[in-house]
Amino acid sequence: MDMCSTAAARHVFPRRTSRLILSITLATAATLAGSAAFAQSTSTHIFGWGPAGQHVVAKSSSGLKRTTTVKDNGRYDLRALPMGIYTVSLMKGDQTVDTRPNIPLTVGRGAEVDFACEHDQCAASADGHKSP
């Protein structure tokens, strides 16, 4: 091997190494930035207690409407709601039983909205009837 080719190899190797290190650094930075953006989600939720089997409807001031059914244990949870101001209603069939206006949803905070249950018993018994 002559002196010229050895000197050229030493000169090329640091450039390739520098490019590789730069590429790895940029890829790592992009991955971390994407993770941080994912962690700062702008969705939130409305949750609470209500009479088992009834429906809870959340309607935002922008017109978005989401509905869920209160579970047998008396709990409900409307997830993945965008931030905003909501009106939350308890429905029995087509009838509105109770309404809570002006419920604010902000980043990182859910809102608990509880509805009254007969005899303070929200859960249903094993046979599908409300507990006494």
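How many aromatic pairs does the count come to? In this predicted model, the count comes to 1 aromatic pair.

**The aromatic pair.** Please select Tyr76 and Phe115, whose rings form a tilted pair, with 6.4 Å from centre to centre and 35 degrees between the planes. The pair links distant parts of the chain: Tyr76 belongs to strand S4 (residues 75–82), while Phe115 lies in the segment after strand S7 (111–112), 39 residues apart. Both Tyr76 and Phe115 are buried.

**A charge over a ring.** Select next Arg75 and Trp49. Arg75 lies over the face of Trp49, at 4.6 Å from the ring centre.

**The open sheet.** Turn now to the sheet, in which 4 strands are arranged in the order S3-S2-S5-S6 with antiparallel pairing. Its edge strands are S3 (65–69) and S6 (95–105), each of which pairs on one side only. On average, neighbouring strands of this sheet are turned by 20 degrees against each other, direction ignored.

**Strands S5 and S6.** Select residues 84–92, which make up strand S5; 8 bridges join this strand to S6, and the two run antiparallel. Within this region, Tyr86 stands opposite Ile103 in S6.

**Thr87.** Is Thr87 buried or partly exposed? Thr87 is partly exposed, because its relative accessible area is 31%, between the limits of 20% for buried and 50% for exposed. Leaving aside neighbours within four places in sequence, Thr87 is in contact with Val57, Ala58, Lys59, Thr99, Arg100, Pro101 and Asn102. To finish, display the C-alpha atoms of Thr87 and Pro104: they are separated by 9.1 Å, and the residues are 17 apart along the chain.

Methods. Residues numbered from 1 in each chain as written. Predicted model: local features only at pLDDT ≥ 70, side-chain atom pairs only at ≥ 80, totals over all residues. Heavy atoms only, no water. Pairing = 2+ DSSP bridges. Axes fitted to C-alpha atoms, helices over the stretch in contact; angles between N-to-C directions. Buried < 20%, exposed > 50% of the residue type's maximum accessible area, 1.4 Å probe, protein only. Contact = heavy atoms within 4.5 Å. Phe/Tyr/Trp six-rings, centres within 6.5 Å; stacked < 30°, edge-to-face > 60°. Lys NZ or Arg CZ within 6 Å of the ring centre and 35° of its normal.
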